[in-house]
Amino acid sequence: MDMNSFSPMMPTSPLSMINQVKFEDEPDLKDLFITVDEPESHVTTIETFITYRIITKTSRGEFDSSEFEVRRRYQDFLWLKGKLEEAHPTLIIPPLPEKFIVKGMVERFNDDFIETRRKALHKFLNRIADHPTLTFNEDFKVFLTAQAWELSSHKKQGPGLLSRMGQTVRAVAMSMRGVKSRPEEFMEMNNFIEIFSQKINLIDKISQRIYKEEREYSDEMKEYGPIHVLWSASEEDLVDTLKGVASCIDKCCKATEKRMSGLSEALLPVVHEYVLYSEMLMGVMKRRDQIQAELDSKVEALTYKKADTDLLTEEIGKLEDKVECANNALKADWERWKHNMQNDIKSAFTDMAEENIHYYEQIILLQVIMSIRR
């Protein structure tokens, strides 16, 4: 059985099986490069939406060409995420940005929102490309290479509505039932996720508040420069001093803007991405528990049911393999995710600290200059 996929339709080539069973500490040479750029607005009689150009360059033999260019809208990214979760229920799928509001922006089609989303979608695809298992997913390949009509046709090949409804009903029933005894290592994992979620959400709120306060401070400070210039026109003895103060204020504004740019581009997106990751992790744990709950229900049925014991025994054997595969997949991906998370957050805060040090060095220098001019 494919270790990270429970779909019988998934191909199991030797290369993909190796990558699914074992996550290498040292990644292979990168052979898949993806760029998301050139957002384009589309207006129809029914809706308005944005598409993004996706350019893929690769040296992999399973691709028909070395370069592909397609356009995708947000709904296509949602479809891909859903297919990856369906094929790999206990792998940690990278999160997508929210559909409507990112970083507190309400207007869905302003330039800042579109650029923020473009960066997030770019990161989403490249995280999948760098993942040792997800990168070989067939739906991912179709997403990168198929033209619009081909992708639409491929989407229709999925399970029918009644089948999806049946799967959903069973999943809800299993989640309501719960698991009787979650293994200790997954109890620890769940506790980590809960604590991590609380802390990263708090950091996200504080970071957003700091950014808002810095923006208000910067907007106010911008008003002082022109005021000092106007003042100098009526104070002949203080012309040079007042213009010097205005110049220093202008430099302070530029330094503050640069610092805020670093905050909004380096720290805020990383923190918010891991807020979304915390939600994703909770979903992964639920799916793992659903698989185990299904096994528990069959074992219980075998205990109290005399008839069809042979069939139940066969089903239990398959479910035991399924649970073991799900657990092994999650454990391997968990360590990989934690390593990446620690590196990402450490790098974001280190960069922000260096930006702050540089900012305060500039401000101190400007304060010295202003004190001399006084």
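**Helix packing in a predicted model**

**View 1. Helices α7 and α8 cross at roughly 160 degrees.** The axes of α7 (residues 184-232) and α8 come within 7 Å in this predicted model. Angles over 145 degrees count as roughly antiparallel. The two helices, α7 and α8, are therefore roughly antiparallel to each other. Their crossing is left-handed. Sorted by class, the contact of α7 with α8 holds 30 nonpolar residues, 13 polar and 8 charged.

**View 2. Helix α8 spans residues 239-304 and bends at Leu268.** With 66 residues, α8 reaches 95 Å from its first C-alpha to its last. That is close to the 98 Å expected at 1.5 Å a residue. The bend at Leu268 is about 35 degrees. A proline, Pro269, follows within four residues.

**View 3. Helix α3 meets α8 in a right-handed crossing.** The axes of α3 (residues 111-130) and α8 come within 12 Å. They cross at roughly 60 degrees. Angles from 65 to 115 degrees count as roughly perpendicular, and those under 35 as roughly parallel. The pair α3 and α8 is therefore oblique. From α3, the contact is made by Lys119, Lys123 and Arg127. From α8, Glu265, Val270, Glu273, Tyr274 and Tyr277 take part. By class, the contact of α3 with α8 has 5 charged residues, 3 nonpolar and no polar. An α-helix has 3.6 residues a turn, so residues three or four places apart point the same way. Among the contact residues of α3 are Lys119 and Lys123. Those of α8 include Val270, Glu273 and Tyr277.

**View 4. Helices α2 and α4 pass in a left-handed crossing.** The axes of α2 (residues 74-87) and α4 (residues 138-145) come within 9 Å and cross at roughly 165 degrees. That makes α2 roughly antiparallel to α4. On α2, the contact involves Asp76, Phe77, Trp79, Leu80 and Lys83. On α4, Asp139, Phe140 and Phe143 are the partners. The residues of this contact divide into 5 nonpolar, 3 charged and no polar.

Note on methods:
Residues numbered from 1 in each chain as written. Predicted model: local features only at pLDDT ≥ 70, side-chain atom pairs only at ≥ 80, totals over all residues. Heavy atoms only, no water. Axes fitted to C-alpha atoms, helices over the stretch in contact; angles between N-to-C directions. Left-handed = near helix turned anticlockwise from the far one by under 90°. Contact = heavy atoms within 4.5 Å. Nonpolar A, V, L, I, M, F, W, Y, C, P; charged D, E, K, R; others polar. Expected span 1.5 Å × (residues − 1). Bend = angle between axes of the 7 residues up to and from the residue.
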